[in-house]
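Subject: Structure handover

Hello,

Please find the structure below, followed by some notes on what turned up in it.

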Amino acid sequence: MVSRSYSNLLDLTSGDSPTFFRGGRRLSRVATVPGKLTELDDESRSNVSSDAQSSVSQERMIIVGNQLPLRALRKPDGEEGWNFSWDEDSLLLQLKDGLGEDVEVIYVGSLKEEIDPSEQEDVAQTLLETFKCVPAFIPPELFSKFYHGFCKQHLWPLFHYMLPLSPDLGGRFDRSLWQAYVSVNKIFADKVMEVISPDDDFVWVHDYHLMVLPTFLRKRFNRVKLGFFLHSPFPSSEIYRTLPVRDELLRALLNSDLIGFHTFDYARHFLSCCSRMLGIAYQSKRGYIGLEYYGRTVSIKILPVGIHMGQIQLVLDLPETEAKVAELRDQFRGQTVLLGVDDMDIFKGISLKLLAFEQLLTQNPHKRGKVVLVQIANPARGRGKDVQEVQSETYATVKRINQMFGRSGYEPVVLIDNPLQFYERIAYYVIAECCLVTAVRDGMNLIPYEYIICRQGNDKLDETLGLSPSAPKKSMLVVSEFIGCSPSLSGAIRVNPWNIDSVAEAMDSALIVSEAEKQMRHEKHYRYVSTHDVAYWAHSFLQDLERACRDHVRRRCWGIGFGLGFRVIALDPSFRKLSVEHIVSAYKRTKNRAILLDYDGTMTLQGSISTSPKAENIEILNNLCRDPKNIVFIVSGKDRKTLTQWFSSCERLGIAAEHGYFVRPDQNAEWETCISVQDFYWKQIAEPVMQLYTETTDGSFIDTKESALVWNYQYADPDFGSCQAKELLDHLESVLANEPVSVKSGQHIVEVKPQGVNKGLIAERLLATMQQKEMLPDFVLCIGDDRSDEDMFEVIMGAVANASLSPVAEVFACTVGQKPSRAKYYLEDTPEILRMLQGLAAASEQSTRNVPRATQRVTIEKE
């Protein structure tokens with residue numbers, strides 16, 4: 001492994017991407033100061049290439065998180081320097097168990113403690129050599145804007161469904177905080193660059209602090225193998241769309257290969273946002289969900305994280321845990337303990353839980369003195385007025401309940417707001433009959449999982465509690481339906497935490513449920529939690545990431561766009577941009593040319609208000625048609641009346657209307673049909689069905705053509721319209737099963753048309769007719785922009801393999817835009833298409849200036 005630093009690494013307006021030498025796996029020094037680098041000699045500096053074959057077989061994972069899984073303490077007694085140790089509670093450290101011993105892990109992140117700039121280089125070297133950690137040193141002022149500003153004031157509240165409706169609720173959007181967020185993500189990307197071997201390493205980015213990091217990494221390495229996991233909720237599109245930088249974050253995430261979520265709800269909201277805001281629809285293939293994004297498939301992973309079984313088992317075996325359990329047993333002897341463990345923040349619902357417990361004691365006087373609520377309140381991770389308000393409300397509610405129901409020797413609510421050792425928390429789990437989690441919104445929440453494992457206990461703890469080791473274990477859970485772990489705990493009592501009455505009833509139910517049912521629920525939960533631990537989660541994610549990146553090597557990739565709009569195009573190696581010089585050269589040396597042009601999206605911009613052809617477009621077509629060596633066709637889905645009117649001045653232009661059903665070789669010919677259709681009685685069946693869906697789908701309409709019926713939902717709600725389109729497709733296929741028609745869905749449409757009608761029919765008939773008239777084509781140009789044009793491309797490319805074309809024919813199947821297609825060429829947009837056609841027209845003008853004109857007419861026969 002070789003480290004390298006780029007002080008101007010993430011200037012996204014630059015089109016240059018640095019490449020890196022990949023040598024052996026040795027840990028080298030990292031750059032901690034811009035421009036300073038050690039242990040990288042001139043030879044390796046000049047011999048950089050990301051395309052060289054790797055000689056390393058061992059996989060390596062670079063795990064990137066906001067904070068490194070480390071604890072740092074100043075050395076005692078005035079010594080200079082720091083003492084570092086692993087943070088065993090860190091998820092980033094725990095997930096390493098699931099990656100396998102043959103996977104080398106490098107961590108990139110910041111430190112909780114502020115390191116003086118004079119110490120940063122030594123600390124970085126120590127952490128890399130001892131822990132394989134690469135620290136990102138963030139200036140304090142920048143970190144405050146990044147973490148306490150953008151992350152905690154904007155992203156975190158919004159992702160938990162809190163809108164900034166007033167300055168007190170998160171505050172108005174602050175562009176400077178967003179800039180700080182982007183700057184910190186750039187610093188993290190810089191650190192990843194120092195250690196990455198781009199063609200070999202996997203990169204796994206964690207959580208909402210680093211949501212734009214994938215763009216910076218993809219910018220530098222188009223084929224980087226990159227996964228992202230969001231540990232918070234992802235809000236519904238109605239909430240998320242209020243974020244001013246919504247598109248930038250979505251596009252940044254889509255620069256990952258795999259995006260992970262805890263629950264289907266979170267993934268569904270993300271997919272809905274991509275559909276509504278970016279127009280990107282997802283597909284499900286063989287159990288995997290994917291988004292097609294500029295030729296790349298971005299996979300979606302849905303799997304809740306688990307807990308580290310080994311760590312909890314070790315703590316359960318500690319003598320300190322046994323002693324604490326004995327202490328708590330004596331403290332709460334004769335009482336039933338309900339337990340809550342939450343951070344002291346506005347989303348954990350502590351006050352709602354207390355109110356429900358107050359109601360439980362009010363409505364059940366016989367439970368006073370017998371039931372105790374122990375509420376462990378961990379320090380809040382954020383800061384601000386909202387945290388202070390939660391603390392004040394919690395203290396006031398606890399005081400009121402204890403004054404109302406407490407008596408000598410009985411304190412209804414025991415509030416523990418001082419930090420506890422992990423073994424102390426484990427002890428509370430062990431003695432609690434029921435665990436209560438009433439968060440109003442939480443990404444995952446592993447408290448119920450920890451509780452389940454602790455209630456399983458061990459022989460020593462059973463002895464301490466006076467239980468038989470062979471006795472079945474039992475536990476009860478009351479969990480909010482708004483937390484990520486809720487779907488996986490099917491035996492828990494799920495509650496709406498805002499409904500105080502239902503939470504109080506759930507508490508009562510948990511206390512009076514039979515012993516057998518408690519045992520059954522516990523066994524069910526324990527089986528799931530013990531098999532779906534953090535190692536299982538990490539291993540599953542790595543497997544899916546490997547699958548998602550499998551095609552990287554064979555795809556041709558390049559980047560487009562600036563800033564956070566950057567994305568990578570990944571296409572087949574044979575797919576390339578059409579050179580105007582190349583096609584004009586081929587055009588000049590050929591004699592029998594067939595030119596097939598789509599109209600909407602090709603000759604005119606897709607979505608334009610005015611779709612009629614411009615004067616310069618008509619002039620280009622006329623110049624092409626005047627060349628006696630050319631046969632030019634416009635092939636469109638529009639009706640023949642509209643096309644006749646638009647191209648009335650193009651005497652020699654062939655026109656195919658309604659996707660090839662109607663055809664006219666030139667203006668002097670009559671309209672003909674390519675296939676014979678007896679009648680269209682099926683319209684009387686299909687139209688009432690379409691009308692029904694039109695009435696129930698606001699924004700949809702029916703486009704009635706002579707040969708087809710099209711239901712269009714372009715202006716309807718995208719989710720509802722798509723749902724209705726699927727229903728309509730099934731409905732029409734059912735009622736038209738015995739009719740000679742095809743029912744197909746397309747981009748915001750459902751179309752019914754006679755069987756065999758498609759644009760490929762025109763291309764097929766044109767080539768066949770030219771062959772019959774001994775005008776074997778030696779130049780074929782076919783241009784289109786959407787799915788309907790793929791039929792033409794298929795025919796044109798297939799003709800290369802048979803005798804339909806001259807043996808030396810030049811074939812140009814060209815699509816508009818860089819996207820997966822049967823075409824072998826692309827041009828970026830309509831202006832490029834028109835410039836290319838102008839080049840051909842100019843060549844025709846030059847060649848026909850002194851040549852007598854002759855008219856070619858090709859009549860396309862009916863089938």
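How many disulfides does a search of the whole structure find? The search finds zero, a disulfide being a pair of cysteine sulfur atoms within 2.5 Å. Cys485 is in no disulfide, and the nearest cysteine sulfur, in Cys435, is 9.2 Å away. Cys485 is also buried, at 0% relative accessibility; buried means under 20% relative accessible area, exposed over 50%, and partly exposed in between, with a 1.4 Å probe and protein chains only. For Cys814, the closest cysteine sulfur is that of Cys782, at 9.2 Å, which is too far for a bond. Cys814 is buried too, with a relative accessible area of 0%.

Before the rest, two notes on the basis. This is a predicted model, in which local features need pLDDT of at least 70 and side-chain atom pairs count only at pLDDT 80 or more, while totals for chains, interfaces and linings use all residues. Residues are numbered from 1 along each chain as its sequence is written, and side-chain values use heavy atoms, with hydrogens and water left out.

Helices (H or I, at least four residues) and strands (E, at least two) are DSSP runs, numbered from the N terminus.

Helix α10 covers residues 309-316, and its buried residues are Met309, Gln311, Ile312, Val315 and Leu316. Seen down the axis of α10, these fall within an arc of 165 degrees, so they line one face of the helix; the arc is taken from the directions from the helix axis to the C-beta atoms. Their cover includes α2 (91-94), α11 (319-331) and α18 (515-531), where contact means heavy atoms within 4.5 Å.

Strand β8 (residues 258-261) is covered on both faces: Leu258 and Gly260 are buried on one side, Ile259 and Phe261 on the other. β8 pairs in the parallel sense with β7 (residues 225-229) over three bridges; two strands pair if DSSP finds at least two bridges between them. Phe228 stands opposite Ile259. β8 also pairs in the parallel sense with β11 (residues 296-302), over four bridges, and there Lys301 is the bridge partner of Gly260.

A further open sheet has four strands in the order β26-β27-β29-β28, with antiparallel pairing. Its edge strands, each pairing on one side only, are β26 (701-704) and β28 (741-746). Six bridges join β28 to β29 (residues 749-754), and Gly746 stands opposite Ile749.

Regards
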